[in-house]
Amino acid sequence: MTEEKRKQTIASWHLRANAYENLINHYRIFTDMAMGLIEFVEKHKTNDLHIIDLAAGTGLVSKLLIEHVHLSPASLYLIEPAEQMCEHARQKFPNAHICQIAAEDCLERVDLPRDYFDFILCNASMHLMSEKNIYPIVAKLLKVKRGYFLYTLWYHSFDETINYDQDNEFESYVNRVLTEFNYPKLFPENHSSPSSKSVRSRRDLERIAYENGLELQSCTIHIHQIPMSFDFDFMLMSPNWLIDHLKTYEWTQTEDIQTLKQRIIQRIRELIQDKYTEKAIVQVIVWRVR
């Protein structure tokens with residue numbers, strides 16, 4: 001990811017922070033993903049833990065650590081570059097260390113000690129980063145032979161699960177509704193695979209880990225069942241979702257764009273109500289060996 005693209009991504013999550021907070025409170029998928037990380041910490045915890053919540057968002061992982069591991073907020077270091085996400089975290093954890101920086105910039109902070117952290121956890125965000133950039137950083141922050149980096153990946157970021165959602169059922173419902181409203185389809189019938197730069201393999205992770213004094217301990221695939229409305233609400237976090245598509249063909253319609261968008265949203269919700277889909281999630285555990 002280029003520096004300009006990274007800035008755009010951070011800005012987009014700043015704008016979506018409130019909607020994201022609502023999303024994680026409404027759907028359990030983020031919590032279910034994170035609990036695998038939390039359970040590992042519970043089994044391997046020692047006294048006087050210090051943990052980094054990397055790409056922390058509004059602080060879900062930290063909240064679970066406090067609730068399940070009974071960790072003091074003062075032992076938590078939340079790393080998050082989006083300002084509004086940090087604001088949510090500050091309100092929840094006034095005694096935690098909250099650093100408004102990108103994960104790639106952690107080593108620039110003198111208040112993030114080297115060889116100090118027992119665990120670094122990252123939930124549902126590593127697809128926006130690369131192990132090539134992040135492993136060298138966590139290798140300097142984790143304790144030697146005692147520190148673990150744990151994270152989760154969405155299925156589309158891992159080679160063994162990249163084709164898991166090939167039927168694109170939710171997207172077919174969106175296309176169906178647009179057709180009903182005399183609009184062209186939004187999603188192509190056949191998706192091309194994501195860029196190889198964004199897709200990992202076990203071999204890639206093993207190699208990059210070894211080069212940085214780390215060791216890939218496990219790479220486990222879990223299947224989660226979630227409401228199809230989650231996909232829809234995730235897209236709707238972006239307030240302009242669908243607008244450009246509708247504006248391109250607005251000469252065919254008599255209604256204003258916002259009214260039409262709301263009618264389309266209502267129709268999609270009717271079709272996907274009570275429908276569920278499965279997502280493959282990959283949990284990665286890396287250990288600092290030297």
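What follows is a short chat about the sheet, a pocket and some salt bridges in this predicted model.

Me: I'm new to this one, so what order do the strands of the open sheet come in?

Reply: Bear in mind that the model is predicted. The open sheet has seven strands, and reading across it the order is β3-β2-β1-β4-β5-β7-β6, with mixed pairing.

Me: And which strands stand at the edges?

Reply: Those are β3 (97-99) and β6, each of which has a single partner strand, so one side of each is left without a neighbour in the sheet. On average, and with direction ignored, neighbouring strands of this sheet are turned by 15° against each other.

Me: What holds strands together in a sheet, in general?

Reply: Strands pair through backbone hydrogen bonds, and the pairing can be either parallel or antiparallel.

Me: How many bridges join β6 to β7?

Reply: There are 13 bridges between β6 and β7, and these two strands run antiparallel. One of the residues to look for is Ile226, whose bridge partner in β7 is Thr277.

Me: How many residues of β7 are buried?

Reply: Of the 13 residues of β7, 11 are buried, so this strand is largely enclosed by the rest of the structure.

Me: Switching topic, how much space lies in the second largest pocket?

Reply: The second largest pocket holds about 190 Å³ of space. The elements giving two or more residues to its lining are α3 (29-44), β6 (214-227) and β7 (276-288).

Me: Which of them gives the most to the lining?

Reply: That is α3, which contributes six residues to the lining of the second largest pocket.

Me: Which residues should I click on to find that pocket?

Reply: The lining includes Asp32, Met33, Gly36, Glu39, Phe40 and Lys43, together with Thr152, His222, His224, Ile281, Gln283 and Ile285.

Me: How does the lining divide into nonpolar, polar and charged?

Reply: The lining of the second largest pocket has four nonpolar residues, five polar ones and three charged ones.

Me: Now the salt bridges, how many are there?

Reply: The count comes to 20 salt bridges. As background, side chains of opposite charge can pair when their charged atoms come close.

Me: What does Glu21 form a salt bridge with?

Reply: Its partner is Lys92, and the closest N and O atoms of Glu21 and Lys92 are 3.0 Å apart. This pair links distant parts of the chain, since Glu21 sits in helix α2 (residues 17-26) and Lys92 in helix α5 (residues 83-92), 71 residues apart.

Me: Is Glu21 buried or exposed, and why is it put in that class?

Reply: Glu21 counts as buried because its relative accessible area is 11%, and buried means under 20%. Lys92, on the other hand, is partly exposed, with a relative accessible area of 32%.

Me: Where do Lys63 and Glu67 lie?

Reply: Both are in helix α4 (residues 60-69), four residues apart, which is about one turn of the helix.

Me: What about Glu160, which side chain does it meet in a salt bridge?

Reply: Glu160 meets Arg202, with 2.6 Å from N to O. Here too the pair links distant parts of the chain, with Glu160 in the loop between β5 (148-154) and α7 (169-180) and Arg202 in helix α8 (residues 202-211), 42 residues apart. The relative accessible area of Glu160 is 44%, which makes it partly exposed, and Arg202 counts as partly exposed at 30%.

Me: Which residues are linked in a network of salt bridges?

Reply: Glu3, Arg6, Glu104 and Asp105 are linked in such a network.

Me: Last one, how far apart are Ala11 and Ala82?

Reply: In sequence they are 71 residues apart, whereas in space the distance between Ala11 and Ala82 is 6.6 Å, C-alpha to C-alpha. Ala11 belongs to helix α1 (residues 3-15), and it is partly exposed, with a relative accessible area of 39%.

Definitions and conventions. Residues numbered from 1 in each chain as written. Predicted model: local features only at pLDDT ≥ 70, side-chain atom pairs only at ≥ 80, totals over all residues. Heavy atoms only, no water. 1 Å grid on protein atoms, 1.4 Å probe; cavity = no way out; pocket = protein on both sides within 12 Å on 5 of 7 lines; lining within 4 Å. Points joined across faces, edges and corners; volume = space filled by probe spheres on them. Nonpolar A, V, L, I, M, F, W, Y, C, P; charged D, E, K, R; others polar. Salt bridge = Lys/Arg side-chain N within 4 Å of Asp/Glu carboxyl O. Buried < 20%, exposed > 50% of the residue type's maximum accessible area, 1.4 Å probe, protein only. Pairing = 2+ DSSP bridges. Axes fitted to C-alpha atoms, helices over the stretch in contact; angles between N-to-C directions.
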